Amino acid sequence: MMQYNNTRLSSLNIVLSPLTKVIRNCLLLLSLVLTSFFVAAKGVPPHVAKVNANVLPESNYPYWPAYNSLALDDLTDIKAQPWINQQHTIDGWDWSLPESVTPADNGLVALQRNIGLKKSFKALKLSFPSNSVGILWVKWRDIEATEGNFDFSPIVAKIKQANSVGVEVILRILAHSKDRAGNINKGDAPLWLEKYDVTLLKRRRLKDNLNFDPAHPVFHDRYLKLVQALAKTDIPNMVKAAYVGYRSNSFGDEGIGPFKEHDWQKNDALDHVRERLDAWQKAFTGMEHKVFMGGTSHYGFKQGFGVRRGFVEMYLYNIPNADMGQYIDINGYLMVDESAPIIKNGGFHGEVNEEYEAGWATAKRGYRFGETTNSYPYRYFVSTLRALQMRCNYIHTTGHLVPQMLPFLSLELGRTVHDAPDTWSYLSTSYLKS
């Protein structure tokens, strides 16, 4: 990365001209060659290819640090790269910004997640400015263990505990699964629903969730009562944001309706999907910007809701995507439509960048990103830049494989072309298989 006249371009072999005003165009220039070929797993050991035929050959990544996944307690050692206030060129990456740059008000970085109510949030002693938040996942069955008796007091207590150590909370209520992987104790929905013979949806694989059908009249009615009960508490005022999802095969209540995200019109046409979103709007009246969905819904966008997608570590996904303002121009470059509502209106626009544990390079996880962790620092690097290119203002990020990117990310999230502190681009040629 080169720096010149306090203007930075994150690409090589580019001549920069002096700029009198520092504005970040922030266009990730991915030259995308869209072809219909299949990437064969040449050079991949047979035992790996047998598990995942799409694994790419291992390679060397000399310009990124060796793999070292950082835990929460390690974040105190991360320091922002110092800013040099004169014309210069450095050897390597430059993630520095002037000390006068502060995080955007809506630029949120989730650095810790608590699943359940037992664990306390930690005070993070960061040496760099960051709007760090904590994520709290709770189960409906723990809120309404017996029908009609709602107890939100443990959630209120946990939010207060987080606030006491300087952490604001993003709430996520899990509501749809009876069990996960056959373990009834890992389900999220209250088991008293069984007495109403609520339909159970077929599970694809044993490791998946066994979900109640959200469209079943009894389930739907009781779910609306849950959200209505939430509205009567002070929780909507207390939280930084709240997630609304749908049943999903995996842990976490992903999506917003029974159809996939590209079929958002079908989801928006369903009465029960709209009524669920209406309930959340009433619970957060005047604070609709706090609500974010697990998938695209134009009905929800009109309510003022945002969205959180969750797979930016597959950094070439959602190309193109009109709802996100992502399009490919006539020259094959990935560009941003600044007039896309999710960007123009400044709504909650989130991503998750988290799959960096060594376990993902094992047969148990299907060698999802390769047979070793060699490529992980590069993937973290590109995924972090892609989240910024998408104009995200929220990210849940873990691993921190390029540590000095975290202070940079904290300052860049939530920026637009109108208020960004710098200018950068990233040049790469990528081949997408059809």
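Student: Okay, what is the bridge partner of valine 109 in β5?
Tutor: That's serine 132. Keep in mind that this is a predicted model. Strand β4 covers residues 108-115 and β5 covers residues 132-139, and six bridges join the two.

Student: Which way do β4 and β5 run, parallel or antiparallel?
Tutor: They run parallel.

Student: And what do the strands close into?
Tutor: A barrel of eight strands, in the order β4-β5-β6-β9-β10-β11-β14-β15, with parallel pairing. From one strand to the next, the twist averages 30 degrees.

Student: Switching to α4. What should its 15 residues span?
Tutor: At 1.5 Å a residue, helix α4 (residues 217-231) should span 21 Å. The C-alpha atoms at its ends are 21 Å apart, so that agrees.

Student: Which residues of α4 are buried?
Tutor: Quite a list; among them are Val218, Phe219, His220, Tyr223 and Leu224. Arg222 is also on it.

Student: What covers them?
Tutor: The cover includes α2 (140-143), β6 (168-174), α5 (235-238), β9 (241-244) and α7 (271-283).

Student: Back to Arg222: what does arginine 222 form a salt bridge with?
Tutor: With aspartate 221, and the closest N and O atoms are 2.6 Å apart. Arginine 222 counts as buried because its relative accessible area is 15%, under the 20% cut-off. Aspartate 221, at 28% relative accessibility, is partly exposed.

Student: How many salt bridges does the count come to?
Tutor: The count is 17. One of them pairs the side chains of glutamate 254 and arginine 172, at 3.4 Å from N to O. That pair links distant parts of the chain, 82 residues apart: arginine 172 sits in strand β6, and glutamate 254 lies in the loop between β9 and α6 (264-268).

Student: Is arginine 172 buried or exposed?
Tutor: Buried, with a relative accessible area of 5%. Glutamate 254 is partly exposed at 26%.

Student: What about arginine 205, which residue does it form a salt bridge with?
Tutor: Aspartate 208, with the closest N and O atoms 3.0 Å apart. Aspartate 208 is buried, at 2% relative accessible area, while arginine 205 is partly exposed at 39%.

Note on methods: Residues are numbered from 1 along each chain as its sequence is written. This is a predicted model: local features need pLDDT of at least 70, side-chain atom pairs count only at pLDDT 80 or more; totals for chains, interfaces and linings use all residues. Side-chain values use heavy atoms; hydrogens and water are left out. Two strands pair if DSSP finds at least two bridges between them. Helices (H or I, at least four residues) and strands (E, at least two) are DSSP runs, numbered from the N terminus. Axes are lines fitted to C-alpha atoms, for helices over the stretch in contact, and angles run from 0 to 180 degrees between N-to-C directions. The expected span of a helix is 1.5 Å times one less than its number of residues. Buried means under 20% relative accessible area, exposed over 50%, partly exposed in between (1.4 Å probe, protein chains only). Contact means heavy atoms within 4.5 Å. A salt bridge is a side-chain nitrogen of Lys or Arg within 4 Å of a carboxyl oxygen of Asp or Glu.
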